[in-house]
Amino acid sequence: MTTLPTDPAETVAAPALTAAGEEPAHPPSRPPGSTGKRPLRTTAWYATALFVCAVMIVPLLWMITIGLKSRNAVFELPPRLLPHEFSWRNFIDGPQAIHFPRLLLNSTIITALSVLGGVMTAMMAGYALARLRFPGRKLWFYLFVGSMLLPGVVGLIPLFQLYKSIGWYDTWLPLIVPAFFGGNPLFIFLARQYFLAIPYSIDEAAKIDGAGHLRIFVSVMLPLTRPAWITMAILAFQASWNDFLNPLVYLYSADKWPLSVGMAQFVSPFAGQTPNWSYYMATNLLYMLPPLILFFAAQRYFIQGLGSLGSTTQK
């Protein structure tokens, strides 16, 4: 009598039928590598994430609720997160108190020119350091990287004397020209690292087709390095938009101030006068909108650009 082979499905289903009908003789063993501490680590991870999120979000929520409260409701005790009455008028009267449209136009012009020039010069310098062969290339790169360690405030007084002697005081030129033509050491470093990750065979193929360095840079390299220069644009926009010290030092006339300095008009120079915090917070939320919109619109390229710093190969 021939014995039929055992059906694999029955072999697998047998323990399940036993478990449904009666208690198993032996409890199922843990998978290899499991120590039983995974739920604890997961709980600790979520608790840490919630704490970090709270640190970031609670100040923003407090700004929003103060911007929606009346002037007297800001100081009520105990403080309430949601106001009794929403004062939407703060978003109109607050910007009118500091001539918000004129300050917004000033900030837009200064920031746009600074970002455009700073990103272009940094990309051109990074291309030269990564793709061109010339004496002292590494020395220039080390100088650029070393200059990142020098605090910007060190040169504030000498630069103020220089700009005043050449007639640039109380103009936008000290805010735009150095950023337009000087680039940024961090941006040059980021651009060089990104250019190093691109194979040289692409340059050689373009040169065989008759392209020069300018054509290669504009038509080949700029499209390939889009995450890098978008990351630079976001960082440069944020730095110029939020710059308070340089406009405060170089600009005297109130009609030339950007928003970062104009927001200080809510704080009275006389002691004992309480600022209108409702107007201030409502206007501050409007002031924050352009960088937030730019970041969320290009955050995918921003993450790619920062990630490229650790994935390139030195050549």
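User: In which helix does Thr 283 lie, and is Thr 283 buried or exposed?

Analyst: The model is a predicted one. Thr 283 is part of helix H14. Its contacts, leaving aside residues up to four places away in sequence, are Gly 94, Pro 95, Ile 98, Phe 100, Met 263 and Phe 266. Because its relative accessibility is 0%, Thr 283, a residue of H14, counts as buried.

User: How do H11 and H14 run relative to each other?

Analyst: The packing angle between H11 and helix H14 (residues 277-297) is about 175°, and their axes are 10 Å apart. Angles over 145 degrees count as roughly antiparallel. The orientation of H11 and H14 is therefore roughly antiparallel.

User: How many nonpolar, polar and charged residues has the contact of H11 with H14?

Analyst: H11 contributes Ile 234, Phe 237 and Trp 241, while H14 contributes Tyr 287, Pro 290, Pro 291, Leu 294 and Phe 295. By class, the count for this contact is no charged, no polar and eight nonpolar residues.

User: Which residues does Met 232 touch, not counting residues up to four places away in sequence?

Analyst: Met 232 is one of the residues with the most contacts inside the largest nonpolar core. With residues up to four places away in sequence left out, Met 232 touches Phe 187, Leu 190, Ala 191, Val 119, Ala 122 and Met 123.

User: How far apart are the closest N and O atoms of Asp 203 and Arg 131?

Analyst: Asp 203 sits in helix H9 (residues 200-208) and Arg 131 in helix H4, so that the pair links distant parts of the chain, 72 residues apart. Both Asp 203 and Arg 131 are buried. They form a salt bridge, and the separation of the closest N and O atoms is 3.2 Å in the pair Asp 93 and Arg 89, but for Asp 203 and Arg 131 it is 2.5 Å.

User: How many residues apart in sequence are the parts that Lys 256 and Asp 170 tie together?

Analyst: Lys 256 forms a salt bridge with Asp 170, with 3.9 Å between the closest N and O atoms. At 27% relative accessibility Lys 256 is partly exposed, whereas Asp 170, at 14%, is buried. Lys 256 lies in the loop between H12 and H13 and Asp 170 in the loop between H6 and H7, so the separation in sequence is 86 residues.

How values were computed:
Residues numbered from 1 in each chain as written. Predicted model: local features only at pLDDT ≥ 70, side-chain atom pairs only at ≥ 80, totals over all residues. Heavy atoms only, no water. Core = buried A, V, L, I, M, F, W, Y, C linked by side-chain atoms within 4.5 Å. Buried < 20%, exposed > 50% of the residue type's maximum accessible area, 1.4 Å probe, protein only. Contact = heavy atoms within 4.5 Å. Axes fitted to C-alpha atoms, helices over the stretch in contact; angles between N-to-C directions. Helix = DSSP H or I, 4+ residues; strand = E, 2+ residues; numbered from the N terminus. Parallel < 35°, antiparallel > 145°, perpendicular 65-115°, else oblique. Nonpolar A, V, L, I, M, F, W, Y, C, P; charged D, E, K, R; others polar. Salt bridge = Lys/Arg side-chain N within 4 Å of Asp/Glu carboxyl O.
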